[in-house]
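Colleague: I am new to this structure and would like to learn how to read it feature by feature. Could we take the features in turn, with the general idea before the case at hand?

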Amino acid sequence: MRNSRSALALIIIGLFAMPAGAAGIDCTKPASSGDRMICRDKSLLARDAMMKDLYAAALKQDDAARIRDRQRRWVATVQACGDAACIRQAYDDQIGVLLATKGGRSASKNFMSKGAGGNEGNLAIFGPVDGLVAVSLASTYVGPGGADAGDVNADGMDGVAPLRNGHIQLSRDSCRIALDRIDAKTWRVSQSGVCNFADGVTLRGTYGEE
């Protein structure tokens, strides 16, 4: 069996000064129903490891008080979950928030795309951890009116997904985003379906290492 020092447990300890003996999840003797769900699910344990590293990085480089406050609210969300799907979504949402911080970016591999049509895209990838990666993908569109006239829109997508043979797939409703690794420094991003991004915004393009 596996013993895991959970990011959730570490955060609770840091926020509420729990005794040292409460540290971590002992997957041989899980203390709560939430612990049991995490211990039974390899993908949740991988997300927990991602959370631990991204949270630590954000505390070092961002507004620590704001990061802790957001994390307190996340802890309450996870504690209220009644099933693994709820816990997984809570992890994915907060990993996306932390990945967008300065600390999260510094802990990730970052890529940029300057495509035709006024779009400038940014891609951050953290991991892999046990076959999963955290992805943050965003693009800013500057229209013909120019930034000074306020003709600017931005949108994006983030998520946690398997990395298989250099391929990552993200989805939101009927929108599908595919990321394919060309080489160590380059990713190709394509999109299909109805994505409903802000006017003019597209995530597709070739993203090179910053």
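Predicted model: local features only at pLDDT ≥ 70, side-chain atom pairs only at ≥ 80, totals over all residues.

Colleague: Which residue other than glycine has a phi near 55°?

Modeller: That is D173, whose phi is a positive value. D173 belongs to the loop between β7 (167–172) and β8 (175–183), and D173 too can be called exposed, because its relative accessible area is 74%.

Colleague: Turning to the backbone itself, is the peptide bond from G127 to P128 cis or trans?

Modeller: The bond is cis, and its omega is near 10°. P128 is part of strand β4, which covers residues 119–129.

Colleague: How are two packed helices described?

Modeller: In general, one gives the angle between their axes together with the distance between the axes. Here the axes of helix α3 (residues 42–61) and helix α4 (residues 64–79) come within 9 Å and cross at roughly 150°. Because of that crossing, α3 is roughly antiparallel to α4.

Colleague: Which residues make the contact between α3 and α4?

Modeller: From α3 the contact takes M51, Y55, A58 and L59, while α4 supplies A64, I67, R68, Q71 and W74. Sorted by class, seven residues in the contact of α3 with α4 are nonpolar, one is polar and one is charged.

Colleague: How should I read a nonpolar core, and which residues touch the most other members of the largest one?

Modeller: The idea is to look for buried nonpolar residues whose side chains are joined, with atoms within 4.5 Å. The largest nonpolar core has 27 residues, and M50 and I87 touch the most other members. Two or more residues come from each of α2 (33–40), α3, α4, α5 (84–99), β4 and β5 (132–142), and α3 gives the most, with eight residues. Leaving aside residues up to four places away in sequence, I87 touches G34, M37, I38, L44, V78 and C81. Another core, of 21 residues, lies apart from this one, and F111, V135, V189 and Y207 are among its members.

Colleague: Is D41 buried or exposed?

Modeller: The reasoning rests on a cut-off, since buried means under 20% relative accessible area. D41 has 15% relative accessibility, so it counts as buried. This residue is placed in the loop between α2 and α3, and, when residues up to four places away in sequence are not counted, D41 touches A84 and R88.

Note on methods. Residues numbered from 1 in each chain as written. Heavy atoms only, no water. Axes fitted to C-alpha atoms, helices over the stretch in contact; angles between N-to-C directions. Helix = DSSP H or I, 4+ residues; strand = E, 2+ residues; numbered from the N terminus. Parallel < 35°, antiparallel > 145°, perpendicular 65-115°, else oblique. Contact = heavy atoms within 4.5 Å. Nonpolar A, V, L, I, M, F, W, Y, C, P; charged D, E, K, R; others polar. Buried < 20%, exposed > 50% of the residue type's maximum accessible area, 1.4 Å probe, protein only.
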